[in-house]
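Visitor: I would like to learn how to read pockets, cavities and cores. Could we work through an example?

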Amino acid sequence: MTQPTAAPSLLGVWAHPDDESLLAGGVLAQHAAAGARTAVVTATWTADTHRALELADALKVLGAGPPRLLGYADARNPASAPGGAMRLVDAPLDEAVGRLVAHIRELQPDIVLGHDATGQLTGHPDHKRAHQITLLAVEAASLPHLYPDAGEPWQPSALYAATHSESGVGRLGPLLQSVGKTVLAVPDAYVTTTIDVSPWAAAKWEAICAHRSEVARPRPLPGLLARLPEPERNEIISTEQFTRLTLSPAPGAPHELIA
């Protein structure tokens, strides 16, 4: 994913508005600048909320198109769905996967980005549920007998989970712990890809700041970052880590399982 020459298209799948900017804003801006198609699907907060409007502003900065919302409620915030939509964590798995499959087939991304299995440092239940839905949808999107009404089958070439390694958490760990949040970093060996996004850090920070309601609050990460000195903040946001999750069958050994 570093400095793409063929500008592979990206689809990010995230639980909440602001996850796209915090976890992959640099990579999204990088690929958009290289001429790639980029898009973001957000699982929670509905179109009639202020955070959906903030998301639209952030995606404009990143060059990632208009918001695409699965239409579920945040597990911890009833205001995320004024119309009474079901929480993401309570939604039937088959339904949620089908909604995401439709976006994958429509957009036909080369690469899908999403949350890791731990729930992104703090273990948020929406993050973990979004990870599960993304894993299933990426596989299902290529199978014609699954969700036949969701469009023509499409198989992305790669799936990456955004993550944070134990050695790479750096200042971010103490920052989250200062407001009582858990830090669930992964072993270094789990990380396959570490990207220096410092050339796009300004765009990434502008996108984070577009989530104005989160910047104004004391505990969410955008608000914590906004109160840091600029050099310290840039150090935190200028690196993005991912784990590549294999989609294609391993070459060779067609008649046996290999490790």
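Visitor: Which residues lie nearest the centre of the largest pocket?

Guide: A general idea to begin with: rolling a probe the size of a water molecule over the atoms shows where empty space is left. The model here is predicted. Its largest pocket is lined by 43 residues, and Leu22, Thr122, His127, Lys181 and Leu221 lie nearest the centre. The volume of this pocket is about 1,000 Å³.

Visitor: How do the residues of that lining divide into nonpolar, polar and charged?

Guide: The lining of the largest pocket holds 15 nonpolar, 15 polar and 13 charged residues.

Visitor: What volume does the largest cavity have?

Guide: About 40 Å³. The count of cavities of 30 Å³ or more comes to one. The residues that line the largest cavity are His115, His131, Thr134, Leu135, Leu159, Tyr160, Ala161 and Leu245. By class, five of the lining residues are nonpolar, three are polar and none is charged.

Visitor: Which residues have the most contacts inside the largest nonpolar core?

Guide: The general idea is that in soluble globular proteins, nonpolar side chains tend to be buried together. In this model the largest nonpolar core has 24 residues, and Trp14, Val27, Leu113 and Phe242 have the most contacts inside it. Two or more residues each come from β1 (10–14), α1 (19–33), α2 (50–62), β4 (111–114) and β5. Helix α1 gives the most to this core, with five residues. Another core, of 23 residues, lies apart from it and includes Ala91, Val97, Val101 and Ala141.

Definitions and conventions
Residues numbered from 1 in each chain as written. Predicted model: local features only at pLDDT ≥ 70, side-chain atom pairs only at ≥ 80, totals over all residues. Heavy atoms only, no water. 1 Å grid on protein atoms, 1.4 Å probe; cavity = no way out; pocket = protein on both sides within 12 Å on 5 of 7 lines; lining within 4 Å. Points joined across faces, edges and corners; volume = space filled by probe spheres on them. Nonpolar A, V, L, I, M, F, W, Y, C, P; charged D, E, K, R; others polar. Core = buried A, V, L, I, M, F, W, Y, C linked by side-chain atoms within 4.5 Å. Buried < 20%, exposed > 50% of the residue type's maximum accessible area, 1.4 Å probe, protein only. Helix = DSSP H or I, 4+ residues; strand = E, 2+ residues; numbered from the N terminus.
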